[in-house]
Amino acid sequence: MKIKILTNCIVFVFLIIFPLISLAIEFEKLGFLTLAAGKKISSEFNDAFVVADYGQGGIYENNRWNIGPDSKIGLQGILTFNPFWSMTGQFVMRGARDGNINLEWLYATYQATNNLTLQFGLKRLPLFYYSEAQDIGVSLPWVRLPTPMYGWDVVNFRGANLIYRSMLGKWSSIIELFYGNEIRRDNPYLKIYNDRGTKWDEKWNHIHGADWTLNHDWLELRFSYVHSGMEYWDEMDKANTYFNTKQSFYSVATTVDYEKLLIRSEISKTDRPTSFEHYTAYLLGVGYRVNKWLPMITFSRFQSNYDNDSPNERFNNLSFLLRYDLSPSSAIKAQYDIFNDKSEPGVTSYNAAGRYGDAKMFSIAYDMTF
């Protein structure tokens, strides 16, 4: 608790006080807010639940309105010391984390040349297309990121990354290389698959990889690869719950923003060969803008394939979205989700049935930046 309070104080000084007493340093800030409410309106059985955010442990359950799982407020600040050096920090207060303030970003940037950038510190792990923008709701077409695709247990890393920007003919190119480590104490993701009264810790070590983004006019492509070691354990019973493996992530994303047509697609493959685990996830969303309105349909799927006799986890989500842009920096959204659980019997979760269970839910949200 003392460490958390101290961290919050440091962030406050960094983002608010220091710019005011150091007039020679440029300071930029960006605030973002999501006020969301959702309700599970039908379900396969009484304790079926819908995951809103795996990384933060946001859950909709109990068939009543809930504002916690998707609501958040955050502040990002950038201190620019000179044309070469800057510092970026971001903290977020989430309903899914009981209103606790979490430090999400704190990294330094060195602009070596117009094309080459070095960053080091705490920042988002670039697993997927929306990894960096996942907290800024107004930048997302949906109320929340499709969880079958965006459902992982580690979202940040501590390390360094190198970014190289260039032009390849008419295409803009961004190549990123990165290396680091991350440990999450009392990981909320692991509570979804275990008793929520336990405390599970998780460590990803020697995280390294690359991502490459190509953009031309209305088309953007992104390719990524991430590899790391992975360990997790129950704090109360490490001897009997310790798990250690290697893992590799591969993903490809395509975005189309052509006149009124909007298409979002992404596919990922995860391999943990030493523990006989293989995962596949994908999403496809199609929308069409009508003035300030955006209706959109998105289908997403997650499935596991084990080389041993472990039961496989498989589920689909079909969402119907209607978004209205109030301004360039704010929007309201309504979303209806149909969640279909095809997991095999024996998949572990914290409800009695051992599966999520089929469910339908409705959500509304107001997103803005300030």
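N291 counts as exposed, with a relative accessibility of 75%; here exposed means over 50% relative accessible area, buried under 20%, and partly exposed in between, using a 1.4 Å probe and protein chains only. The structure is a predicted model, in which local features need pLDDT of at least 70 and side-chain atom pairs count only at pLDDT 80 or more, while totals for chains, interfaces and linings use all residues. Residues are numbered from 1 along each chain as its sequence is written, and side-chain values use heavy atoms, with hydrogens and water left out.

Most residues other than glycine have a negative phi. N291, which is not a glycine, has a positive phi near 55°, and D217, also a residue other than glycine, has a positive phi of about 55°.

F120, by contrast in setting, belongs to strand β7, which covers residues 116-124, and F120 is partly exposed, with a relative accessible area of 39%. Once neighbours within four places in sequence are left aside, F120 is in contact (heavy atoms within 4.5 Å) with W85, Y107, A108, G159 and A160. The C-alpha atom of F120 is separated by 8.8 Å from that of L162, a residue 42 residues apart from F120 along the chain.

Technical notes. Helices (H or I, at least four residues) and strands (E, at least two) are DSSP runs, numbered from the N terminus.
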